[in-house]
Amino acid sequence: MTDDPLARFEQRLGRLLVSGVVVSAVLLATGLLFWLWRPGAPPTAWLLNAGLIVLMGTPIVRVIVSVAEYVRLREWVFVIVTLIVLTELTVTVGVALTRR
Amino acid sequence: MVGVVTVCGAVAGALGALLGIGGGVFLVPFLNAFFGIDFKTAAAISLVTVIATSSAVSAGTTGRQLINLRLGMLLEVASAAGGVAAGVSIAHISDIALERAFAVATAGIALLMLSRLEQRNVIRDPAADPGPLGGRFHDEESGGEVVYQVRRLPIALAASFLAGNVSAAFGIGGGILKVPALNAWCGVPMRAAAATSSLMIGVTAVASVPIQYAHGYVKPPLAAAAVLGVLVGSRAGLWFAGRARAKWLKGLMAAVLVLVSLIYFRRSL
């Protein structure tokens with residue numbers, strides 16, 4: 001296989017994405033069971049929201065990890081490209097936080 | 001209700017994984033047209049499932065070098081910008097105008113897809129130069145390593161920006177616009193386009209979904225049910241996608257586009 005560093009990077013990203021999905025799925029499933037069993041129970045809202053936040057956070061973490069990876073590979077063009085994406089996501093999260 | 005949403009999620013997830021799109025394009029009509037959940041809530045829930053599909057499908061695709069990380073990140077600049085722009089400005093555009101535009105776009109892409117069923121985009125010479133943005137992968141259909149080059153990058157960027165807009169407006173990943181554009185115009189083979197798009201849609205969705213979440217459109221129990229359904233469905237879709245022929249996938253994609261176009265034409269009347 002050619003392009004070895006990128007292939008390893010791809011596999012590490014894969015593990016990151018799996019972790020994010022598994023953690024959020026466990027939180028959401030537990031939260032949903034609580035909700036079905038006793039909708040008002042205290043941990044219900046916390047579990048569901050935590051699951052959603054982990055889910056939404058996973059792609060953002062992927063972008064952050066990608067910045068570090070392109071720095072390590074010294075691909076400066078892609079460092080800048082990835083930082084632009086990260087900035088765009090920061091704008092959205094900022095808008096969301098100010099509208100709460 | 002929660003059970004119904006889970007099943008809808010599973011079906012949408014399976015179709016989405018099969019086609020390299022989020023599946024939101026099926027989930028929004030299911031939730032909105034059939035079950036009467038208001039459009040903005042349906043779109044927001046769908047967008048959350050798009051993130052789950054993206055992470056799950058991408059994780060299942062890694063290791064085969066189908067995902068073009070460089071091209072994906074470059075196009076994410078445009079799709080995230082489209083998502084942010086639409087997320088902020090969508091209130092000023094009427095739903096009818098958006099839905100008509102979407103109906104026209106999907107119909108156009110379906111025609112394009114059908115007219116290029118035979119196009120494979122791959123160079124069967126492992127020594128060929130993929131260029132700065134192209135890639136190479138092991139092609140199961142021809143049984144060897146194949147190379148492709150990315151052409152007409154501005155079209156890919158424009159399609160990604162539009163996909164970002166549509167994603168925020170309709171609660172879909174936007175792969176339904178990007179995958180055909182990358183395949184038909186930009187030289188990317190179907191499987192690589194689908195894998196790259198699957199990775200991208202997570203970021204595209206995150207470019208607008210936190211705003212909808214802050215507004216309370218993401219109803220947590222329904223979103224949880226839909227996400228869990230989509231995760232199960234996308235496993236099934238992924239298993240099937242590895243065994244299907246590229247030509248068959250394109251045909252199915254075109255059929256889906258025609259159907260979606262008809263639904264949206266009807267909705268906008």
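Guide: Chain A and chain B bury about 4200 Å² between them, 75% of it on carbon and sulfur atoms. Buried area is the accessible area (1.4 Å probe) that two parts lose on being put together, summed over both. This is a predicted model, where local features need pLDDT of at least 70, side-chain atom pairs count only at pLDDT 80 or more, and totals for chains, interfaces and linings use all residues. Residues are numbered from 1 along each chain as its sequence is written, chains are lettered from A and ligands numbered from 1 in the order in which they are written, and side-chain values use heavy atoms, with hydrogens and water left out.

Visitor: How many residues of chain A and chain B are in contact?

Guide: Contact means heavy atoms within 4.5 Å. By that rule, 45 residues of chain A touch 48 residues of chain B.

Visitor: What makes R70(B) and E75(A) a salt bridge?

Guide: The rule asks for a side-chain nitrogen of Lys or Arg within 4 Å of a carboxyl oxygen of Asp or Glu. In this pair the closest N and O atoms are 2.7 Å apart. That is within 4 Å, so the name salt bridge applies. Across the interface of chain A and chain B the rule finds two salt bridges.

Visitor: Which elements give two or more residues to the side of chain A that touches chain B?

Guide: They are α1 (4-37), α2 (42-72) and α3 (76-99) of chain A. Helices (H or I, at least four residues) and strands (E, at least two) are DSSP runs, numbered from the N terminus. α1(A) gives the most, with 15 residues.

Visitor: Why is E69(A) called buried?

Guide: Buried means under 20% relative accessible area, exposed over 50%, partly exposed in between (1.4 Å probe, protein chains only). E69(A) has 3% relative accessibility, so E69(A) counts as buried.

Visitor: Which side chain meets E69(A) in a salt bridge at 3.3 Å, N to O?

Guide: That is R12(A). The pair links distant parts of the chain, with E69(A) in helix α2 and R12(A) in helix α1 of chain A, 57 residues apart. R12(A) is partly exposed, because its relative accessibility is 36%.

Visitor: Where do E69(A) and R72(A) lie?

Guide: Both lie in helix α2 of chain A, three residues apart, about one turn of the helix. An α-helix has 3.6 residues a turn, so residues three or four places apart point the same way. E69(A) also forms a salt bridge with R72(A), the closest N and O atoms being 3.2 Å apart. R72(A) has 53% relative accessibility, so R72(A) counts as exposed.

Visitor: Is R136(B) buried or exposed?

Guide: Buried, because its relative accessible area is 17%. Its salt-bridge partner is E145(B), with the closest N and O atoms 3.6 Å apart. E145(B) counts as partly exposed because its relative accessibility is 25%. Elsewhere, salt bridges that share partners join R12(A), E69(A) and R72(A) into one network.

Visitor: How do you know that the span of helix α6 of chain B agrees with its number of residues?

Guide: The expected span of a helix is 1.5 Å times one less than its number of residues. α6 (residues 153-170) has 18 residues, so the helix should span 26 Å. Its end C-alpha atoms are 25 Å apart, which agrees. G171(B) follows α6(B), with a positive phi near 75°.
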